[in-house]
Amino acid sequence: MSDTTRAPAPVVLFDFDGVLYRGDSFTALMRAHLRRQWWRIVLALPLLLVAAPFALLRRTRRRALRFVVHLALLGVSEQRYRKMAQEFGRSLGADAARFIEAGLAAIKRHAESGARVVVVSGCEETLLRAILDELGLRDIELIASRFVTGRFGMRVGVHTFGPEKVRQLAQRGIHPPWDVAYTDSSTDAAMLVAARSSVLVNAKPATRRRLVERLGREPDQDVRWE
């Protein structure tokens, strides 16, 4: 088959937190940052108390958490943030116990088979790139949340979450249907419904029920990875 008629490589999408990483990687960065600069919590405590009830409601949770991130990064320059995220990302990537071995094996297997593998995550881009590089996944494409420099410090520019993942994929020229999509979250229903093969990873029963409702069908695979 000539180069002009060669079929495109299969597209395989991976969520990150809960599929490859045990936990929430960006939250881990913010916790480490605030432990070093505890005074930020003290100064922001009145505002955090106001934001707390909104973080408990699904409808307002994203806005409340975005507000908390803005407070945590108040006065932090782009250069300082990038340095902090890269250093923390490398330290996370070096800790094998934090990662799901079967997930890493799956992403490497797809890449070695010639698929176009893309990690699509709500984690921030600089942090996630550092983690993947430390894991030896430098060639894996990445679509993640991005920060921009605001008047008072770094703030969220694009949060690659839920349906936004599909929009960000389209901006990179990746349009449905894609071949396989892995996630542990019902918020990725838009990404899964456009996949020829949907894989739900380590999902809780409530998450699985919500996802089945949104998909209108069972996931193609429901796996348990240790």
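## Helix H4

Helix H4 covers residues 78-93, 16 residues in number, and spans 22 Å from first to last C-alpha, close to the 22 Å expected at 1.5 Å a residue. The model described here is predicted. The residues of H4 that count as buried are Tyr81, Met84, Ala85, Phe88, Gly89, Leu92 and Gly93. Viewed down the helix axis, these buried residues of H4 fall within an arc of 155°, so they line one face of the helix. Gln79 and Lys83, on the other side of H4, are exposed.

## Packing of H1 and H4

Two packed helices are described by the angle between their axes and the distance between the axes. For H1 and H4 the angle is about 115° and the axes are 11 Å apart. The crossing of H1 and H4 is right-handed. On the H1 side, the contact is made by Ser25, Phe26, Ala28, Leu29, Ala32, His33 and Arg36. H4 contributes Arg80, Tyr81, Met84, Ala85, Phe88 and Leu92 to this contact. Among these H4 residues, Tyr81, Met84, Ala85, Phe88 and Leu92 also belong to the buried set of H4.

## The sheet

Seven strands make up an open sheet with mixed pairing, in the order S4-S3-S2-S1-S5-S6-S7. S4 and S7 (221-223) are at the edges and have a single partner strand each, so one side of each is left without a neighbour in the sheet. From one strand to the next, the twist averages 25°.

Strands of a sheet pair through backbone hydrogen bonds, either parallel or antiparallel. S1 (residues 11-14) and S2 run parallel and are joined by four bridges. Across this pair, Leu13 has Val118 of S2 as its bridge partner, and Val12 has Val117 of S2. S2 and S3 also run parallel, with four bridges between them. Here the bridge partner of Glu124 is Ser145 in S3.

Seven of the nine residues of S2 are buried, so this strand is largely enclosed by the rest of the structure. Helix H7 (residues 164-171) lies across S1, S2, S3, S4 and S5 (178-183), and runs at about 130° to S2.

## Leu128 in H6

Leu128 is located in helix H6. Is this residue buried or exposed? Leu128 has a relative accessibility of 0% and therefore counts as buried.

Which residues does Leu128 touch, once its neighbours within four places in sequence are left aside? Its contacts are Phe16, Val119, Ser121, Cys123, Leu142 and Ala144. Phe16 is 112 residues from Leu128 in sequence, while the C-alpha to C-alpha distance between the two is 8.8 Å.

## The protein as a whole

The secondary structure of the protein amounts to nine helices and seven strands. The protein has 226 residues, of which 46% count as buried. Among contacts between residues at least 6 apart in sequence, 60% join residues at least 24 apart.

Conventions
Residues numbered from 1 in each chain as written. Predicted model: local features only at pLDDT ≥ 70, side-chain atom pairs only at ≥ 80, totals over all residues. Heavy atoms only, no water. Helix = DSSP H or I, 4+ residues; strand = E, 2+ residues; numbered from the N terminus. Expected span 1.5 Å × (residues − 1). Buried < 20%, exposed > 50% of the residue type's maximum accessible area, 1.4 Å probe, protein only. Arc of directions from axis to C-beta. Pairing = 2+ DSSP bridges. Axes fitted to C-alpha atoms, helices over the stretch in contact; angles between N-to-C directions. Contact = heavy atoms within 4.5 Å. Left-handed = near helix turned anticlockwise from the far one by under 90°.
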